[in-house]
Amino acid sequence: MELRFSAAEEAFRAEARAWLAANVPGAARPRGEDLRARRAFDLAWQRRLFDAGWAGVSWPREYGGRGATLMEQLIWYEEYARAGAPEITTTFVGLNHAGPTLIACGSAAQKAYHLPRILRGEVVWCQGFSEPNAGSDLASLQTKAVVEGDHLVVTGQKIWTSFAQIAEFQELLVRTDPAAPRHRGITWVICPMDAPGITIRPITTLAGGQDFCEVFYDGVRIPLANVVGALNDGWRVAMATLSFERGTAFLSEQVRLARRVGALVELARRVPGPRGRARAVDDDELARRLARASAEVEAMRAMTYRSVSLAAQTGVPGAEASIIRLFFSELVQRIDVLAMDVLGAAGTRQLGGAEGTPGRWTERYLAGLSQTIGGGTKDIQRNIIGDRVLGLPR
Amino acid sequence: MDLTVGGEQAQIRDAIRGVLADRLPLARVRAVVAAPPGFDPDVWREAAALGWFGLGLPEAEGGAGYGTPEEMLLALELGRALAPGPWRGTILAAHAAPRAVRAAVLAGAVRVAVVDDPAGALGAGARLRGTAVDVADAGVAEAFLVLGARRAAWVPRDARGLGVAAAPSIDPTRPLGRLALDDVGAEPVDADPAALRRLGTVLAAAEAAGVAERTLEMSVAYAKVRRQFGRPIGAFQAVKHRCADMAVRAEVARSVVTFAAVALRDGEGDPARHAAVAKALATDAALANAADNVQNHGGIGYTWEADAHLYLKRAWLLEHEFGRRADHWDALAAPWRA
């Protein structure tokens, strides 16, 4: 057991830290309605990472990535968050899901075309998995595609597609064999978002943003060459990288959360507390909850470290990854609720605003409600832990 | 960086687990605590022969040459097994007992209980006065290690002016005692009381992590075999999800305890903070898991005959050793409130 990193890893950390200090954009990332501006900002940042050799730290070198070890990835994401570098949002699906899926299952031509564009920050990808009637039960998806000549013709609807409005490509799951058992009739295909027959309708979230959309497909023609893996093999393709989805990008969350709790403590030293207290932090209950939050963030770090060191030995993400995932999502929400209690009535007056304002904390609290829904609800996560980690009967 | 249990550590852990499973299964624990002396002298001797008390001591000082992480693994196993006896105090004493008795401590010939007195209420000088309550395993201790505010002291059981009385405990496997110190001459100990307290805190946390882990295993095993409505109860989401929450807590406990043990050994980060975090969260996990384990066992879990209550009671005793949760939260929050 060892907390210290090796000399080579510390050298890597120093290099990452120095580069980030010199290159993290000074301007705040555009927020709110203007998705085009966010896209431009994120792609410019991705290009900067690429030019310096920091794009795709977890991607193998042969596909233009950094080919970093698991420990180096942990260090990179720690430093990334510590430096306050831009959160990865619009580029997330391309870098952490579609890209790795293509690396694992794509054809030579698909890899050659798409991977460099993702790494260089030239394209945005979105995900087309969920449907109105296929949420937690993803394998029940019904958007259908029929083969006509050398094309798939897609008809149906997807939902909860983040950044569909500004994406070039979509990783799309369609049903190509309605007669087959439900996991066997699905195909994973690259959908160009400018194809005729696609209609995108933004959905306004309870936090007021329009980050995600419904996408409708009316006879959309996609070349068969865009199929990743084989026809009707899409479930396997999707599962190949599902564990990757939260994969190593997740490593930065503990640092991000530590920063957030730090900011929350500072807030609690500024704003008045309940029962006439001069400061929120003078209230015993709030102080203990803050202490507990900071302890739980430290636990998140310890769990991440334990998980990474286990994975570094076995080569695969372990069972504890789903445990960390559940703990994290609920911890975020505890911290968000604590922020609302620290703010007091000020948290009810405004939704949204600049960093550090009450409205920003409130917006984060509301947006945080998605933590236990997206990418598998907390109920599904508990099923996964019960079934796959604990081996309980189904 | 590596927070896994290494090959040699796994051997140590497996050996400890093997001895405890073989010699101190819970049925045997119940029998041992039902009659004086309340612990198993044979197991105690065997533990000493296997070097358990000196795990964290350099070989030059008669130890096994390992460190806090290995002591943590030992404490975790003792917690899983609910092993009776003044284990933690004796492990601490291996680091702190006066030179003349150090070898006897390592040999298991001197059993030691801890008196945690962080405020120094018993006195700061060479004479100790006052009352110490809730001293775990005081009745079988042959010496006491008093951790004061600024100094640690050694008090033999037969010290003049020392009275030791049994006191009630809800935990059948961990008796408590009450010490009356009437101007007792204490031998100063050449060890930093803060460092000993941090080690004791992490060892108590590890014991709690063992409770959290073992109760999870008990619940999962039972949920797989107990059938109602024609299915194992573990197939029902209400039970499955409760077990999933227990798994999260056990993982939290295991992780913070591991992190703190390494931090203590290497002086990484802020060891006092890591120890406090480990103790508070591991105890929290132990209490919640032990209670959920009673629930998961249904009617049988509510009986004296079932083992579930023993873990719950141990968890409550652990909550009050080396600082309760609220104490640790307040310590963490203190700098913010200055």
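Visitor: Where do the domain bounds used for this predicted model come from, and into which domains is chain A divided?
Guide: Domain bounds come from an automatic or database domain assignment, and the model itself is predicted. On that basis chain A is divided into domain 1 (7-88), domain 2 (125-232) and domain 3 (247-389).

Visitor: How many residues of domain 3 of chain A are in contact with domain 1 of chain A?
Guide: The centres of domain 1 and domain 3 of chain A, taken over C-alpha atoms, are separated by 23 Å. On the domain 1 side, the touching residues divide into seven nonpolar, three polar and two charged. In total, twelve residues of domain 1 of chain A meet domain 3 of chain A, and the number on the domain 3 side is ten.

Visitor: Which helix gives the largest share of the side of chain A that touches chain B?
Guide: The contact between the chains takes 39 residues from chain A and 39 residues from chain B. On the side of chain A, the elements that give two or more residues are helices H8 (253-270), H9, H10 (320-343) and H12 (378-389). By class, the residues on this side are 23 nonpolar, five polar and eleven charged. The largest share, 16 residues, comes from H9(A).

Visitor: How are H9(A) and H12(B) oriented to each other, and why?
Guide: The axes of helix H9 (residues 284-314) of chain A and helix H12 (residues 325-337) of chain B come within 8 Å and cross at roughly 100 degrees. Angles of 65 to 115 degrees count as roughly perpendicular. The two helices, H9(A) and H12(B), are therefore roughly perpendicular.

Visitor: How many charged residues does the contact of H9(A) with H12(B) have?
Guide: Residues of H9(A), including A:Arg288, A:Leu290 and A:Arg292, meet residues of H12(B), among them B:Trp329, B:Asp330 and B:Trp336. By class, this contact has nine nonpolar residues, one polar residue and, as charged residues, four.

Visitor: Which helix of chain B gives the most to the side of domain 1 that touches domain 2?
Guide: Chain B is divided into domain 1 (7-191) and domain 2 (194-337), with 22 Å between their centres, taken over C-alpha atoms. Their contact takes 32 residues from domain 1 of chain B and 31 residues from domain 2 of chain B. Helix H4 (68-81), helix H5 (87-96), strand E1 (112-116) and strand E2 (127-136) of chain B each supply at least two residues of the domain 1 side. The element that gives the most, with ten residues, is H4(B).

Visitor: Is B:Trp154 buried or exposed?
Guide: B:Trp154 is found in strand E4 (residues 152-156) of chain B. Leaving aside neighbours within four places in sequence, B:Trp154 is in contact with residues including B:Pro98, B:Leu145 and B:Val189. A residue needs 20 or more other C-beta atoms within 10 Å of its own to count as buried. Because B:Trp154 has 21 C-beta neighbours inside 10 Å, this residue is buried.

Note on methods. Residues numbered from 1 in each chain as written. Chains lettered and ligands numbered in written order. Predicted model: local features only at pLDDT ≥ 70, side-chain atom pairs only at ≥ 80, totals over all residues. Axes fitted to C-alpha atoms, helices over the stretch in contact; angles between N-to-C directions. Helix = DSSP H or I, 4+ residues; strand = E, 2+ residues; numbered from the N terminus. Parallel < 35°, antiparallel > 145°, perpendicular 65-115°, else oblique. Contact = placed C-beta atoms within 7 Å. Nonpolar A, V, L, I, M, F, W, Y, C, P; charged D, E, K, R; others polar. Buried ≥ 20, exposed ≤ 12 C-beta atoms within 10 Å, placed from the backbone.
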